[in-house]
Amino acid sequence: MANSASGMAVHDDCKLKFMELKTKRTHRFIVFKIEEKQKQVIVEKLGEPAETYEDFTKCLPADECRYAVYDFDFMTEENVPKSRIFFIAWSPDTSRVRSKMIYASSKDRFKRELDGIQVELQATDPTEMGLDVFKSRAN
């Protein structure tokens with residue numbers, strides 16, 4: 001990798017699955033994990049289109065950081081169905097300091113690899129990425 005400043009590689013699968021979510025809507029969400037030893041971001045979990053927001057939140061560990069992408073469907077005030085692609089930087093207070101630092105320092109570079117993110121959320125506990133937060137940020 002030429003860019004050694006952050007030193008974090010992004011597995012091709014990450015971009016591939018994100019493109020599928022964006023263009024074909026084959027996934028409701030994607031959870032990404034940083035493999036610290038290999039220094040790369042990998043796909044940890046894919047959500048089926050029928051899966052719900054609750055299914056998504058269950059995939060985020062209570063005490064470990066993750067990146068996630070969620071395809072959020074909602075109705076506008078004019079009752080037009082829309083969707084927004086959310087990027088979530090999940091960094092619970094109980095996760096390791098080193099882990100938080102790695103996720104924080106790699107986030108912008110990783111996010112740039114995923115072309116088509118519309119809203120970014122930072123969350124340290126589940127209330128910061130509740131459905132109400134999604135709804136208010138989607139409009």
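1. The side chains of Arg25 and Asp71 form a salt bridge, with N and O 2.8 Å apart. This pair connects distant parts of the chain, since Arg25 sits in the loop between H1 and E2 while Asp71 belongs to strand E4, 46 residues away. The model is a predicted one, and the points below set this contact in its surroundings.

2. Arg25 is partly exposed, at a relative accessible area of 38%, whereas Asp71 is buried, at 2%. The cut-off for buried is under 20%. The backbone of Arg25 also deserves attention: just after H1, this residue adopts a positive phi of about 55°.

3. Arg25 has a further partner in Asp73, and the closest N and O atoms of that salt bridge are 2.7 Å apart. Asp73 is in strand E4 and Arg25 in the loop between H1 and E2, so this pair ties together parts of the chain 48 residues apart in sequence. Asp73 is partly exposed, with a relative accessible area of 38%. Through salt bridges that share partners, Arg25, Arg28, Asp71 and Asp73 are joined into one network.

4. Strand E4 (66-75), which contributes both Asp71 and Asp73, has eight of its ten residues buried, and is therefore largely enclosed by the rest of the structure. E4 pairs with E2 in the antiparallel sense over four bridges; Ile30 stands opposite Val69 of E4 there. E4 is also joined to E5 by ten bridges, and these two strands run antiparallel. Ala68 faces Ile88 of E5 across that pairing. Five residues separate the strands in the hairpin of E4 and E5, where Asn79 has a positive phi near 60°.

5. E5 and E6 run parallel and are joined by five bridges; Phe86 has Val119 in E6 as its bridge partner.

6. Helix H1 (residues 12-24) contains 13 residues and spans 18 Å from its first C-alpha to its last, close to the 18 Å expected at 1.5 Å a residue. Its buried residues are Cys14, Lys17, Phe18, Glu20 and Leu21. Viewed down the axis of H1, these buried residues fall within an arc of 155°, so they line one face of the helix.

7. What covers the buried residues of H1? The cover includes the strands E1 (9-10), E2 (29-35), E3 (40-47), E4 (66-75) and E5 (81-90), together with helix H3 (97-113).

8. The structure holds twelve salt bridges. One of them joins the side chains of Lys15 and Glu113, at 2.9 Å from N to O. Lys15 lies in helix H1 and Glu113 in helix H3, so the pair ties together parts that are 98 residues apart in sequence. Lys15 is partly exposed, with a relative accessible area of 30%, and Glu113 also counts as partly exposed, at 26% relative accessibility.

Definitions and conventions
Residues are numbered from 1 along each chain as its sequence is written. This is a predicted model: local features need pLDDT of at least 70, side-chain atom pairs count only at pLDDT 80 or more; totals for chains, interfaces and linings use all residues. Side-chain values use heavy atoms; hydrogens and water are left out. The expected span of a helix is 1.5 Å times one less than its number of residues. Buried means under 20% relative accessible area, exposed over 50%, partly exposed in between (1.4 Å probe, protein chains only). The arc is that of the directions from the helix axis to the C-beta atoms. Contact means heavy atoms within 4.5 Å. Two strands pair if DSSP finds at least two bridges between them. A salt bridge is a side-chain nitrogen of Lys or Arg within 4 Å of a carboxyl oxygen of Asp or Glu.
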